[in-house]
Amino acid sequence: MAALGWLTPRRRSATARSVLAGEASAEAARKTSQELEALAGQAAPAAGQGEPEFPVVGDVEAAAFFDLDNTVMQGAAIFHFGRGLYKRKFFERQELFRFAWQQAWFRLAGVEDPEHMQDARDSALSIVQGHRVAELMTIGEEIYDEYMAERIWPGTRALAQAHLDAGQKVWLVTAAPVEIATVIARRLGLTGALGTVAESVDGVYTGKLVGEPLHGPAKAEAVRALAAAEGLDLARCAAYSDSHNDIPMLSLVGHPYAINPDAKLRKHARERDWRLRDYRTGRKAAKVGIPAAAGVGALAGGTAAAIALHRRRR
């Protein structure tokens, strides 16, 4: 979302900004969770083959926290959101090419590039500045149907459903805008979402953030703040992510999972005997009943789109 004009003074330390971002995200998540709770469980349960040995049914002091990009969904939500905004003429073709190239790289590499992710957020902030929050929520619903629904990993969806079936709350935790994250959480029947909070005044975006993007340590602060507010015991909670950037969040809980892990997270998880799930390759996808062709098709589609856009511009 535009050059990051931090809402907090620059003299604040990075840790202080992470705490502020985490607390703001937790507050925003709690405000929307009541509505999402009423809709929880409406999504059809996925097959139980990829479900964990727990959760403990009825343990209301436990909850689950899921990273979004490449954990719950193939690719990055902010890039799909950018595609949808371009379709609605929020910005020009050269911006779309950048979004498409970054998304293709993300799929090929399978890991987050901090420079790409910050560039995407900067662009999104400048694009939505002056627009109403309600307008972006409505557009987010449409974009989910157009670009995101078919990219949900069935295996990860089954893990989330296992927690819901046990009577536990399930939260998305993502650097994507909290409004978009909330749309995705509602569509999946989850409890709510922790996401990056953009400043708005009288329902209109100012182009600034509250604190910083919900990334890395800020995610851990958001989970910690939400757990305190909800009366959760983090030692009984679970967290799921693909990225080593989320090691702070994964280390907070008693049941950390590495999902589609990058190389650094895979190494870290093996050293600490964390559970791993990988839904990307044909061999591992077959074990949990996921069509391998789906992942291959998504990868080819993203790369082809980037190349086609590049040729068209030339």
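Which residue takes a positive phi in the hairpin of β5 and β6? The views below come from a predicted model, and the first one holds the answer.

**View 1. The hairpin of β5 and β6.**
Strand β5 covers residues 198-201. Strand β6 covers residues 204-209. The two strands pair in the antiparallel sense, over three bridges. Look for Val 201: its bridge partner in β6 is Val 204. Two residues lie between the strands. Asp 202 is the residue with the positive phi, near 55°.

**View 2. Glu 179 in helix α7.**
Helix α7 spans residues 178-187, and Glu 179 sits in this helix. Is Glu 179 buried or exposed? Its relative accessible area is 11%. The cut-off for buried is under 20%, so Glu 179 counts as buried. Now look beyond its neighbours within four places in sequence. There, Glu 179 is in contact with Val 133, Met 137 and Tyr 205.

**View 3. Arg 157 in helix α6.**
Helix α6 runs over residues 154-165 and includes Arg 157. Arg 157 has a relative accessibility of 9%, so this residue also counts as buried. Which side chain does the side chain of Arg 157 join in a polar contact? The partner is Gln 161, at 2.9 Å.

**View 4. Arg 157 and Thr 71.**
How many residues apart along the chain are Arg 157 and Thr 71? They are 86 residues apart.

Definitions and conventions: Residues numbered from 1 in each chain as written. Predicted model: local features only at pLDDT ≥ 70, side-chain atom pairs only at ≥ 80, totals over all residues. Heavy atoms only, no water. Pairing = 2+ DSSP bridges. Helix = DSSP H or I, 4+ residues; strand = E, 2+ residues; numbered from the N terminus. Buried < 20%, exposed > 50% of the residue type's maximum accessible area, 1.4 Å probe, protein only. Contact = heavy atoms within 4.5 Å. Polar contact = N/O pair within 3.5 Å; in protein donor to acceptor, adjacent residues only side chain to side chain.
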